[in-house]
Amino acid sequence: IVRSQEALRHAFRAHHGHLHLWLWGAIWIAMAMTAHWGGTAAIENTFPYIALAGGLVSGLIGWWQRQAVRVPVDRRFLGVVLALVLFAGIWPLVLRPNVSHETIFTFISLLVAQIYVVAGIWFDSYLLWLGLILAALMIIGICFFLPIFWIWVAVCGGGALLLGGTYVRFFWR
């Protein structure tokens with residue numbers, strides 16, 4: 001029994017999201033450095049493709065992990081995530097904010113952080129703290145580090161995701 005429990009814990013730790021965190025940490029760093037060095041044209045010409053490639057790789061990782069660890073899909077959780085995303089699409093129409101690439105990136109980052117927090121509450125996991133930390137870092141960045149916002153995103157946003165993935169892979173129990 002002890003050996004099977006250890007094997008199960010090892011399988012979950014090996015397939016419990018660290019690859020996604022590493023992938024998206026690297027993508028955030030790539031997007032931020034592209035924006036920092038390339039400006040508006042680079043943002044508009046590369047962000048959609050970087051995000052699309054990340055989505056495809058995320059899908060492949062999810063498919064591969066599903067082969068190793070079968071866990072039923074929680075449809076209520078997916079419904080909550082869908083509701084959050086749909087309402088996130090409405091808020092800018094209602095608030096009519098002063099739009100810049102930095103504020104749009106922060107808004108989307110806060111949405112992702114909110115989904116992490118909800119997932120952490122829902123599944124009692126590390127994602128709660130990762131979402132709260134990510135949200136705090138993005139708010140600090142947009143409020144206090146706007147002149148170096150993209151460097152802040154690369155180091156603090158991408159770095160938080162990379163460190164979170166490292167924690168999950170090697171230290172989370």
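Here are some numbered notes on this structure, which is a predicted model.

1. Start with the overall picture. The protein chain has six helices and zero strands, so reading along the sequence gives the pattern α-α-α-α-α-α, with helices defined as DSSP runs. Of its 173 residues, 37% are buried. Now look at contacts between residues at least 6 apart in sequence: 76% of them join residues at least 24 apart.

2. Next, find the largest nonpolar core. This core has 41 residues, and those with the most contacts inside it are Phe-105, Trp-150 and Val-153. The elements giving two or more residues to the core are α2 (18-68), α3 (75-95), α4, α5 and α6. The largest share, 12 residues, comes from α2. As background, nonpolar side chains tend to be buried together in soluble globular proteins.

3. Zoom in on Trp-150, one of those core residues with the most contacts. Which residues does Trp-150 touch, not counting residues up to four places away in sequence? The list is Ala-32, Met-33, Ala-35, His-36, Ile-43, Phe-47, His-101, Glu-102 and Phe-105. Notice that Phe-105 turns up here, and Phe-105 is itself among the core residues with the most contacts.

4. Take Thr-106, found in helix α4. Is Thr-106 buried or exposed? Its relative accessibility is 5%, and because the cut-off for buried is under 20%, Thr-106 counts as buried. Leaving aside neighbours within four places in sequence, Thr-106 is in contact with Met-138, Ile-142 and Phe-149. You will meet these three again in point 7, where Met-138 and Ile-142 belong to α5 and Phe-149 to α6.

5. Gly-120 also lies in α4. At 4% relative accessibility, Gly-120 counts as buried too. Not counting residues up to four places away in sequence, Gly-120 touches Ser-125, Leu-127 and Leu-128. Just after α4, Asp-124 takes a positive phi of about 55°.

6. Now for a helix pair. Helix α5 (residues 127-144) and helix α6 (residues 149-170) pack at an angle of about 170°, with their axes 10 Å apart. Why call them roughly antiparallel? Angles over 145 degrees count that way, so α5 and α6 qualify. By class, their contact has 12 nonpolar, three polar and no charged residues. On the α5 side you will find Leu-130, Leu-134, Leu-137, Met-138, Ile-140, Gly-141 and Ile-142. These meet α6 residues, among them Phe-149, Trp-152, Val-153, Cys-156 and Gly-157.

7. Last, have a look at Arg-96, in the loop between α3 and α4. Phi of Arg-96 is near 50°, a positive value in a residue other than glycine. For context, most residues other than glycine have a negative phi. Is Arg-96 buried or exposed? At 69% relative accessibility, Arg-96 counts as exposed, because the cut-off for that is over 50%.

Methods: Residues are numbered from 1 along each chain as its sequence is written. This is a predicted model: local features need pLDDT of at least 70, side-chain atom pairs count only at pLDDT 80 or more; totals for chains, interfaces and linings use all residues. Side-chain values use heavy atoms; hydrogens and water are left out. Helices (H or I, at least four residues) and strands (E, at least two) are DSSP runs, numbered from the N terminus. Axes are lines fitted to C-alpha atoms, for helices over the stretch in contact, and angles run from 0 to 180 degrees between N-to-C directions. Angles under 35 degrees count as roughly parallel, over 145 as roughly antiparallel, 65 to 115 as roughly perpendicular and the rest as oblique. Contact means heavy atoms within 4.5 Å. Ala, Val, Leu, Ile, Met, Phe, Trp, Tyr, Cys and Pro count as nonpolar, Asp, Glu, Lys and Arg as charged, and the others, Gly among them, as polar. Buried means under 20% relative accessible area, exposed over 50%, partly exposed in between (1.4 Å probe, protein chains only). A nonpolar core is a set of buried Ala, Val, Leu, Ile, Met, Phe, Trp, Tyr and Cys residues joined through side-chain atoms within 4.5 Å.
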